[in-house]
Amino acid sequence: MDFSTIKANLEKKGYAVSVFENGTSAAQYLADKIKNTTVGIGGSMTARQMNLFEILSAENDVNWHWQLKEGQSAAQAYAGARNAAVYISSVNGISEKGEIINIDGTGNRVAETIYNHEKVYLLVGKNKIAPDFEKAMWRARNIASPKNAQRIGVATPCAAKGDKCYDCNSPARICRAFLTFMEKPNGCNCEVVLINEELGY
Ligand code: SF4
């Protein structure tokens, strides 16, 4: 995939941008950049597929509520991620123009990407890229969210079929906060990591 257009558009919006052929080389880049510090990771199949917890834990204190350390509670993992110097998340959708969309149920992931950390990395597998904002939002709502609902096994109509969003009002609804970065937030030292491989949902 040719990332030149999206890379240029993201740079115009103020992001640092790095490009990799696959998740392995992107993970190696992050391991080289992130050393002797604290790291938080948001719920992310991309991060899991890249083995980021294991790779970054070699030289950092990594906090991830998906992978608790021995004796660590989920609340401690959330707090560790919230207070970390570096935060890593993937995205649910991104347009060629560089609008970045994330949908969250608890709100920790969207909150942590926008403010508070010294450095934020946003991981983008090529499957997350859509031609425009409407299609990026469509894929975030109708592909990423139903697949995540299925993975978690919640009692929502999308989890039953995995085919689309039903805009449910289920108590188990996982889509509760939508965050779009139209431009890079002013306080965010944010780098977008484009990866030429299908990763995550
Ligand atoms: S709003 Fe409801 S139906 Fe739509 S993706 Fe989210 S959980 Fe599924």
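**Cavities, ligand and sheet**

Mentor: A search of the whole structure finds 2 cavities of 30 Å³ or more. The model is a predicted one, in which local features need pLDDT of at least 70 and side-chain atom pairs count only at pLDDT 80 or more, while totals for chains, interfaces and linings use all residues. Residues are numbered from 1 along each chain as its sequence is written, and side-chain values use heavy atoms, with hydrogens and water left out.

Trainee: What makes a space a cavity, and what makes it a pocket?
Mentor: On a 1 Å grid over the protein atoms alone, a cavity is a set of points where a 1.4 Å probe fits but cannot get out, whereas a pocket is an open set with protein on both sides within 12 Å along at least five of seven lines; lining residues have an atom within 4 Å of a point. The largest cavity has a volume of about 120 Å³, a volume being the space filled by probe spheres set on the points, which are joined across faces, edges and corners. Of the 14 residues that line the largest cavity, C158, C165, Y166, C168 and C175 are the closest to its centre.

Trainee: Where does the ligand sit?
Mentor: The ligand sits in the largest cavity, which means that more than half of its atoms lie within 2 Å of the grid points of that cavity. Among the residues that surround the ligand are R141, S145, D167 and R173, a residue being near if one of its heavy atoms lies within 4 Å.

Trainee: Which element gives the most to the lining of the largest cavity?
Mentor: That is α7, with 4 residues; helices (H or I, at least four residues) and strands (E, at least two) are DSSP runs numbered from the N terminus.

Trainee: How much space lies in the largest pocket?
Mentor: About 430 Å³ lies there, and of the 25 lining residues G43, W66, D104, R109 and R151 are the closest to the centre of this pocket.

Trainee: Why are β1 and β3 said to stand at the edges?
Mentor: The open sheet of 6 strands runs β1-β10-β7-β4-β2-β3 with parallel pairing. β1 (16-20) and β3 (61-64) each have a single partner strand, so one side of each is left without a neighbour in the sheet.

Technical notes: Pairing = 2+ DSSP bridges.
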